[in-house]
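Here are my notes on the model, as numbered points. Please read them with the structure open, beginning at the metal sites.

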Amino acid sequence: MPGPIDLHTHSSVSDGTQTPAQLIAAAVDAGLGTVAITDHDSTAGWSQSFTAASDTGLTVIPGMELSTNYGPASVHMLAYLFDPDDARIRAETARIRDGRLHRAERIVERIGVDYDLTWDDVLAQSVDGGTLGRPHIADALVAKGLVTDRSAAFESILHWKSGYYEKYYAPSPLEGTRMIVAAGGVPVLAHPATHGRYRVIDERVIAELVDAGLFGLEIHHRDNTEDGKVRLYELAAKYDLVVTGSSDYHGEGKPNVLGENTTEPEALERIVAAGTGSRPFVG
Ligand code: AMP
Ligand code: FE
Ligand code: FE
Ligand code: ZN
């Protein structure tokens, strides 16, 4: 479908504020030609998004944003067109979601010592079986009038330096890459230059990931710094990686708007040609 291509969005299956159907309607309203649904560590929104896209002219790329840990750093990896029934992916994402759930409970327990916040307040902000994260705790803090919005929550109570924070289990980027490729999917590093040129994941690691099947770099993303993007372009050229761009839309949960960054049709063609675990849904 001609029209802008946005390859990174979230629904209420993870930390977006719209249901998959609402997300698709918003993508149609925004005039997108293609949208990827990439909830954190879950494919639970795929079928609802396909149904909603029927007869709209919108193409939906089934995807996910896989959490990985590289030492102390949380590294996000976009995965497109993999087999959602792949046993390894299913088991690993279930383990990540479960780790996230218990980690969120412990964060809330610590916050609850200092603020009027309970676990039930957080559950009220999330979908049953969804991927729980700090954004849901943020929404509960907002609902309680303790902060004004998600961003304010992340800058204060939910900041990793706040004393309430803890990490959650996730595989390494190398394990993640291998897992996605083994499931017929296409791995793309999400917003790899959030912290600038010198914090871009080490070239040695990139080379290792490329050997394992890393396919692309998400360069056009609002969180990548300008000097970081320059470095990413050098790496993309050197390792023949596809360059993608996207909004990382979260509904009302973030200021990011659909289509604010986009992917070139040629890049999408390469991704679609490489993915063998599932197919784009042409609505
Ligand atoms: P977690 O995965 O639970 O550690 O939470 C991180 C998630 O929170 C990321 O996936 C972001 O989408 C979201 N996030 C991070 N910073 C902000 C912010 N300032 N406002 C809203 N959402 C944010
Ligand atoms: Fe998110
Ligand atoms: Fe991310
Ligand atoms: Zn994201």
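1. The iron ion (ligand 3) lies 5.5 Å from the iron ion (ligand 2). The protein donors of the iron ion (ligand 3) are Glu65 (OE), His76 (ND1) and His191 (NE2), at 2.0 to 2.2 Å. Donors here are N, O and S atoms within 2.8 Å of the metal (3.2 Å for Na, K and Ca); water is not among the atoms, so sites may look incomplete. The spacing of these donor residues in sequence is E-x10-H-x114-H.

2. This is a predicted model, in which local features need pLDDT of at least 70 and side-chain atom pairs count only at pLDDT 80 or more, while totals for chains, interfaces and linings use all residues. Residues are numbered from 1 along each chain as its sequence is written, chains are lettered from A and ligands numbered from 1 in the order in which they are written, and side-chain values use heavy atoms, with hydrogens and water left out.

3. His76 is in strand S4 (residues 73-80) and His191 in the loop between strand S5 (186-189) and helix H8 (203-212), so the pair ties together parts that are 115 residues apart in sequence. Helices (H or I, at least four residues) and strands (E, at least two) are DSSP runs, numbered from the N terminus. His76 is buried, at a relative accessible area of 15%, and His191 is buried, also with 15%. Buried means under 20% relative accessible area, exposed over 50%, and partly exposed in between (1.4 Å probe, protein chains only).

4. Which residues coordinate the iron ion (ligand 2)? Asp15 (OD), His40 (NE2) and His250 (NE2) do, at 2.1 to 2.3 Å. Along the chain these donors follow the spacing D-x24-H-x209-H. His40 sits in the loop between strand S2 (34-37) and H2, and His250 in the loop between S7 and H10, so this pair ties together parts that are 210 residues apart in sequence. His40 is buried, with a relative accessible area of 8%; His250 is buried, with 3%.

5. The zinc ion (ligand 4) is 4.4 Å from the iron ion (ligand 2).

6. His10 lies in the loop between strand S1 (5-6) and helix H1 (20-29), and Asp248 in the loop between strand S7 (242-245) and helix H10 (265-274), so the pair ties together parts that are 238 residues apart in sequence. His10 counts as buried at 1% relative accessibility, and Asp248 is buried with a relative accessible area of 3%.

7. Glu252 is placed in the loop between S7 and H10. Glu252 is exposed, with a relative accessible area of 77%.

8. There are three aromatic pairs in the structure. Phe50 and Phe281 form a stacked pair, 5.1 Å centre to centre with 10° between the planes. Rings of Phe, Tyr and Trp (its six-membered ring) pair if their centres lie within 6.5 Å; planes under 30 degrees apart count as stacked, over 60 as edge-to-face and the rest as tilted. Phe50 is in helix H2 (residues 46-53) and Phe281 in strand S8 (residues 281-282), so the pair ties together parts that are 231 residues apart in sequence. Phe281 counts as partly exposed, at 24% relative accessibility.
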